[in-house]
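Student: I would like to go through this structure and ask what each label rests on. Please show the sequence and the coordinates first.

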Amino acid sequence: MTIPTPGEGAGSTTATTAAGGPLRRMCWIFPDRESTRTGAMWQHYFWDLYAEVAQELGMSWTRHSPDAVTVDGTVRGKPLVYVDDELVDPQDTLFITALYSLPYQSMDIFNQYALYAVLEQAGFYLPFPPLMSLIGNDKLATILHLDGSPVPPIPSIRIGSGRDVGKHLYEVALANMTYPAIVKPAGWCGGGGINLARSSEDIRGLASLAQGGDTTLVIQPYLGDGTVDYRVYVIDGKPYAVLKRTPEAGSPVANASRGGTMEFAEIPDELAAATAYFAEKMPIPFFCIDFLFDGERYWFSELEPDGVIAPDFDDPNRSLQRDITRARFTAYRDAHAQWLANTPGTAALTLTPGTETR
Ligand SMILES: Nc1ncnc2c1ncn2[C@@H]1O[C@H](COP(=O)(O)OP(=O)(O)O)[C@@H](O)[C@H]1O
Ligand SMILES: [Mg+2]
């Protein structure tokens, strides 16, 4: 299988763009916590391109912290939802509700989840349902939910790091662990906090360090030096493209944040075949499944609901990044139209503020 050329992929946008749909606005609930440096980096890396592609499709793509949303629920049956001070309507607006929970974002977690529930109850289409967000956020929840994967999940143990971490009670679960082991946060991303442990004694040290941030940990056997990470972008249930990430020599972590290199690659047959299982378990328009290849076999590693669509910087037009993004947004628009058609009452919603009060 090869990666699609723009407009010819499994989720090809050519046909669906013409048909369109009522979706006009995609709002991502995302904590407003980046540093100046990191914020500028992501802007260039993907935020600007996402917004551009949305605009080409006649839509907008914007980011909002949870506190940007205000809800007037005084009129029974007609909640009025504002993003900043603008009234938004389930007819033409969806919200991306994929949780981010890096350490500097942790103060937003409860507000994000609380808002997800409110938006769902207010009748908005959420292409990544809140329960899926919980499952995708925690590496062990992911593996348990997708335990039937034809590509075996990496054997994993999840331990807390609370006040009794020094009692080592979690060691009851370490009997099957082999070393070296990978020790990593259960709910971060981007390669942050990934460590190698040579023994349960190293785990004691890492767990006590994790206590500093109330960080839950996942422990897995280390699949070995040179392990490659394959991200499959699944769009409309089909494998659309693959991002291959290779660690720098001497590093166990393939993410760019730790010096790894990225390239779009052909979709390995085994991973393409496995997609059907994931699509059936998660009938949503877009998600990413990450696999690790240890040199001999593949392992199912992670679910990333909104896995970053990486830039192909060697192409000045970044055609692949653009194409995958376009396919993702088109899939959202189609799914939103389908959802409207299947959801009784949504067509009848009229949003006129202040016409009736309780
Ligand atoms: N069990 C493992 N064996 C070998 N490498 C691993 C293992 N777990 C993680 N890694 C390496 O660390 C990277 C990041 O780990 P991952 O579980 O994907 O966390 P994140 O959510 O931060 O991306 C992986 O892409 C891989 O390179
Ligand atoms: Mg990863």
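Student: Where does Pro 180 lie?

Tutor: Pro 180 lies in the loop between strand 7 and strand 8 (181–185). Helices (H or I, at least four residues) and strands (E, at least two) are DSSP runs, numbered from the N terminus. This is a predicted model, in which local features need pLDDT of at least 70, side-chain atom pairs count only at pLDDT 80 or more, and totals for chains, interfaces and linings use all residues. Residues are numbered from 1 along each chain as its sequence is written, while chains are lettered from A and ligands numbered from 1 in the order in which they are written.

Student: What makes the bond between Tyr 179 and Pro 180 a cis peptide bond?

Tutor: Its omega is about 0 degrees. Most peptide bonds are trans, and most residues other than glycine have a negative phi.

Student: Which value of phi does Asp 84 have, and where is the residue found?

Tutor: Phi of Asp 84 is near 55 degrees, a positive value in a residue other than glycine. Asp 84 sits in the loop between strand 4 (80–83) and strand 5 (86–88).

Student: Why is Asp 84 called exposed?

Tutor: A residue is buried if 20 or more other C-beta atoms lie within 10 Å of its own, exposed if 12 or fewer, and partly exposed in between, with C-beta atoms placed from the backbone. Asp 84 has 10 such atoms within 10 Å, so it is exposed.

Student: How do you know whether Asp 214 is buried or exposed?

Tutor: Asp 214 has 12 other C-beta atoms within 10 Å, therefore it is exposed. Asp 214 also has a positive phi of about 50 degrees although it is not a glycine, and is found in the loop between helix 6 (200–210) and strand 10 (217–221).

Student: Why is Ile 154 given the label partly exposed?

Tutor: Ile 154 has 19 other C-beta atoms within 10 Å, so it counts as partly exposed. Its place is in the loop between helix 5 and strand 7 (157–159).

Student: Which residues does Ile 154 touch, not counting those up to four places away in sequence?

Tutor: Ile 154 touches Gln 220, Leu 292, Trp 299 and Ser 301. Contact requires that the C-beta atoms of two residues, placed from the backbone, lie within 7 Å.

Student: Which order do the strands of the open sheet have?

Tutor: The order of this three-stranded sheet is 2-1-6, with parallel pairing. Strand 2 (60–64) and strand 6 (93–96) are at the edges because each has a single partner strand, which leaves one side without a neighbour in the sheet.

Student: How do you know that strand 1 and strand 2 pair?

Tutor: Two strands pair if DSSP finds at least two bridges between them. Five bridges join strand 1 (residues 25–29) to strand 2. In this pairing, Trp 28 stands opposite Arg 63.

Student: What is meant by a bend in helix 7, and where is it?

Tutor: The bend at a residue is the angle between axes fitted to the seven residues ending there and the seven starting there. In helix 7 (residues 269–281) that angle is about 25 degrees at Thr 275. Leu 271, Ala 274 and Phe 278 of helix 7 are buried, and their cover includes strand 11 (228–235), strand 12 (238–246), strand 14 (286–293) and strand 15.

Student: What makes the radius of gyration agree with that of a compact globule?

Tutor: The radius is taken over C-alpha atoms, and the globule rule is 2.2 Å times the number of residues to the power 0.38. For 358 residues the rule gives a value near 21 Å, and the protein has 21 Å, so the two agree.
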